[in-house]
Amino acid sequence: MRRTVKLSRVIGRVPILSDVLFWYYCYVRADMQPPQLFNYVGFPDFAAIGRGYFDEIVRLGGVQPDHSVLDVGCGIGRVAIQFTTFLRANARYAGFDVVPKGPTWCNQKIAKRFPNFSFDHVDVYNRHYNRRGTVAPNEFRFPYDDGSFDFAFATSVFTHMLPGAVAHYLSELSRVLKCGGRCFISYFLLNDQSEKYMVDSDFNFTVAGDGYKVKSEKDPEAAIAYEEGFVTRLYRDAGLRPILPIHYGDWSGRVGAVGGQDIILAEKPAVTAS
């Protein structure tokens, strides 16, 4: 693992070498799973993390094989790959990401084999992942019609977004979800327990903002934790209803928790006749 991480860092400093290797693995090699050196969505195990999130999405979210699914921050396909053997041909899977290599890889490796899958690069600014982005995250309109999806998810995405962007993305999720549709989103949530345990963990958020904390003032979007009550208010403001209980992960060292990040499952309420 350490050798892989070091190799990724070395290649990352040589853009031409990185681009050549990416082209080779993307267009010449046949396997859908990328080499670890192109996995920009987290270490250590691409397949295991993707499978873990997929299992939680199905178990907690109730997503069905004929659903239309939106993958917010699709990355290089670690969850999308899992859906290829789950969704039926009449279902729809769409994803987008701010890093160009993610959708490029997914379209070449996944969408070519599964025509009901599609992926878009969106040039949204993010200080950590897309510093040259031309679209402000607070103004980005998801490229889909109202009420397009039965289910949407974002894994390790809102943990890299500032409050205004999170509020706007939740509003957009509410717009593109069908009435009765659900969304599954992972967070680092701050509450009495996580604040107690995180001081001895790898995720000790110490720089405070309004409703959130970050690990690095210079690179805030590298990792962001949100106060639990702050986040649930954002859901209500966006017209989404959190489905309790919240599913806490073990990122802070919380006793008895399993999985990594905390999960909030929410629903867009069905329209009722007045």
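**Around Leu170**

Modeller: Let's start at Leu170: if we skip residues up to four places away in sequence, Leu170 touches Phe158, Ile185, Tyr187, Leu234, Tyr235, Ala238 and Leu240, where a contact means heavy atoms within 4.5 Å. Before going on, keep in mind that this is a predicted model, so local features need pLDDT of at least 70 and side-chain atom pairs count only at pLDDT 80 or more, while totals for chains, interfaces and linings use all residues. Residues are numbered from 1 along each chain as its sequence is written, and side-chain values use heavy atoms, with hydrogens and water left out.

Now the core. Leu70, Phe142, Phe158, Leu170 and Tyr235 touch the most other members among the 41 residues of the largest nonpolar core. Helix α6 (residues 163-176) gives the most to this core, with 6 residues. A second, separate core has 32 residues, including Tyr25, Tyr53, Cys106 and Phe184. By "nonpolar core" I mean a set of buried Ala, Val, Leu, Ile, Met, Phe, Trp, Tyr and Cys residues joined through side-chain atoms within 4.5 Å. "Buried" is under 20% relative accessible area, with exposed over 50% and partly exposed in between (1.4 Å probe, protein chains only). Helices (H or I, at least four residues) and strands (E, at least two) are DSSP runs, numbered from the N terminus. In soluble globular proteins, nonpolar side chains tend to be buried together.

Next, the strands around here. All 6 of the 6 residues of strand β4 (residues 149-154) are buried, so β4 is largely enclosed by the rest of the structure. Strand β1 (residues 68-72) pairs with β4 in the parallel sense over 3 bridges; for two strands to pair, DSSP has to find at least two bridges between them. Leu70, which we met in the core, stands opposite Ala152 in β4. β4 also pairs with β5, again in the parallel sense, over 5 bridges, and Phe149 has Leu177 in β5 as its bridge partner. From β4 the chain crosses through α6 to β5, and this β-α-β crossover is right-handed. Right-handed here says that, with the strands pointing away from the viewer, the path from the first strand over the helix to the second runs clockwise.

After α8 comes Gly239, with a positive phi near 85°.

Leaving out neighbours within four places in sequence, Glu228 is in contact with Leu189, Leu190, Asn191, Ile246 and Tyr248.

Leu189 leads on to a sheet, as Leu189 stands opposite Tyr226 in β9. β6 and β9 pair in the parallel sense over 2 bridges, and they belong to an open sheet of 4 strands in the order β6-β9-β8-β7, with mixed pairing. Its edge strands are β6 and β7 (207-208), each pairing on one side only.

Leu189 also turns up among the contacts of Asp262, a residue of strand β11. With neighbours within four places in sequence set aside, Asp262 is in contact with Ile185, Ser186, Tyr187, Phe188, Leu189, His247, Tyr248, Gly249 and Trp251. Asp262 is buried, at a relative accessible area of 0%. One of its contacts, Gly249, is 13 residues away in sequence but 4.6 Å away in space, C-alpha to C-alpha.

To put this in context, the chain has 8 helices and 11 strands, and 53% of its 274 residues count as buried.
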